[in-house]
Amino acid sequence: MATLTPSTAPYAEAEKAATGEIGIMLVDDHAIVRQGLRSILERERDLRVLAEASTAAEAATVVARVEPDVVLLDLKLSTTSDSEGLTLCAQLVAEHPDLAVLVLTTFLDEKLVLSAVRAGAKGYVVKDVDTSGLVRAIRDVSRGGSAFDARSAAAMVRGLNAPEPEQHQHLTDREREVLALLARGLSNRAIGERLYISETTAKFHVGNILRKLGVSRRAEAVYEATKLGVI
């Protein structure tokens with residue numbers, strides 16, 4: 001269940017702006033992790049944890065309500081899917097352009113780092129980062145910059161230099177365009193508007209993508225595509 005702090009009162013946003021505080025929301029499915037992060041971050045005078053959420057659905061609702069500056073996001077939010085965090089990242093960035101999403105996760109893979117960046121994340125750090133590094137990353141992304149620890153940056157470079165897998169050359173250029181928009185959480189109608197095609201045509205392309213990737217859900221398609229380096 002999502003939890004809010006008293007800072008979500010009517011004048012919280014004005015107070016935060018006046019004091020120069022950075023409002024943070026924690027999104028992680030483990031309560032003990034969120035509690036630990038809160039205790040660490042709130043030792044800093046300029047950081048305030050406004051809210052927490054354990055699921056993607058909770059996070060999307062609460063972000064709209066509390067309007068944080070930074071969302072600290074774990075990529076794995078359930079035991080049934082590894083792609084929820086990526087999908088949520090794309091959704092939040094699309095709906096809140098001024099929001100900075102900072103990925104904080106245990107997973108370090110070049111394709112995953114690239115996928116997070118393409119979904120709109122401003123930074124990527126692993127959970128064993130030291131406190132000073134995490135605080136610095138939060139401050140950097142809140143000011144419009146980017147933040148990657150040394151291993152994440154190296155992983156991203158490896159991902160950029162990796163050759164495209166040959167086994168998925170059968171995806172057409174149009175399907176790759178649609179897949180990139182799927183990764184950003186867009187609906188069939190929104191995809192059609194972006195690509196100047198009808199909603200029906202967009203739905204047709206999505207169906208072909210699911211079939212070719214051997215999955216039945218849009219989120220699964222995004223996950224499979226990121227693992228294979230297609231997006």
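What follows is a list of stops, each with something to select.

**Before you start**

This is a predicted model: local features need pLDDT of at least 70, side-chain atom pairs count only at pLDDT 80 or more, and totals for chains, interfaces and linings use all residues. Residues are numbered from 1 along each chain as its sequence is written, and side-chain values use heavy atoms, with hydrogens and water left out.

**Stop 1: the whole chain**

Show the protein chain as a cartoon. It has eleven helices and seven strands. Both are DSSP runs, numbered from the N terminus (helices: H or I, at least four residues; strands: E, at least two). Of the 231 residues, 47% are buried. Buried means under 20% relative accessible area, exposed over 50%, partly exposed in between (1.4 Å probe, protein chains only). Next, consider contacts, meaning heavy atoms within 4.5 Å. Among those between residues at least 6 apart in sequence, 66% join residues at least 24 apart.

**Stop 2: the cavity**

Select Leu26, Val27, Asp28, Leu37, Leu72, Leu73, Asp74, Leu104 and Lys127. These residues line the largest cavity, whose volume is about 40 Å³. A search of the whole structure finds one cavity of 30 Å³ or more. Here a cavity is a set of points, on a 1 Å grid over the protein atoms alone, where a 1.4 Å probe fits but cannot get out; lining residues have an atom within 4 Å of a point. Grid points are joined across faces, edges and corners, and the volume is the space filled by probe spheres set on the points.

Now colour strand S2 (22-27) and strand S4 (70-73). Each supplies at least two residues of the lining. The lining divides into six nonpolar, no polar and three charged residues. Ala, Val, Leu, Ile, Met, Phe, Trp, Tyr, Cys and Pro count as nonpolar, Asp, Glu, Lys and Arg as charged, and the others, Gly among them, as polar.

**Stop 3: Val135**

Go to helix H6 (residues 131-142) and pick Val135. Is Val135 buried or exposed? Val135 is buried, at 4% relative accessible area. Leu41 is 94 residues away along the chain, yet the two C-alpha atoms are separated by 7.2 Å.

**Stop 4: two helices against H10**

Select helix H9 (residues 188-195) and helix H10 (residues 199-213). They pack at about 105 degrees, with axes 8 Å apart. H9 and H10 are therefore roughly perpendicular, a term for 65 to 115 degrees. Axes are lines fitted to C-alpha atoms, for helices over the stretch in contact, and angles run from 0 to 180 degrees between N-to-C directions. Show Asn188, Arg189, Ile191 and Gly192 of H9 against Glu199, Ala202, Lys203 and Val206 of H10 to see the contact.

**Stop 5: two positive phi angles**

Most residues other than glycine have a negative phi. Select Glu67, in the loop between helix H3 (56-66) and S4. Its phi is positive, about 50 degrees. Glu67 is partly exposed, at 49%.

Finish at Tyr196, in the loop between H9 and H10. Phi of Tyr196 is near 60 degrees, a positive value. Tyr196 counts as exposed, at 76% relative accessibility.

Notes: On a 1 Å grid over the protein atoms alone, a cavity is a set of points where a 1.4 Å probe fits but cannot get out, and a pocket is an open set with protein on both sides within 12 Å along at least five of seven lines; lining residues have an atom within 4 Å of a point. Angles under 35 degrees count as roughly parallel, over 145 as roughly antiparallel, 65 to 115 as roughly perpendicular and the rest as oblique.
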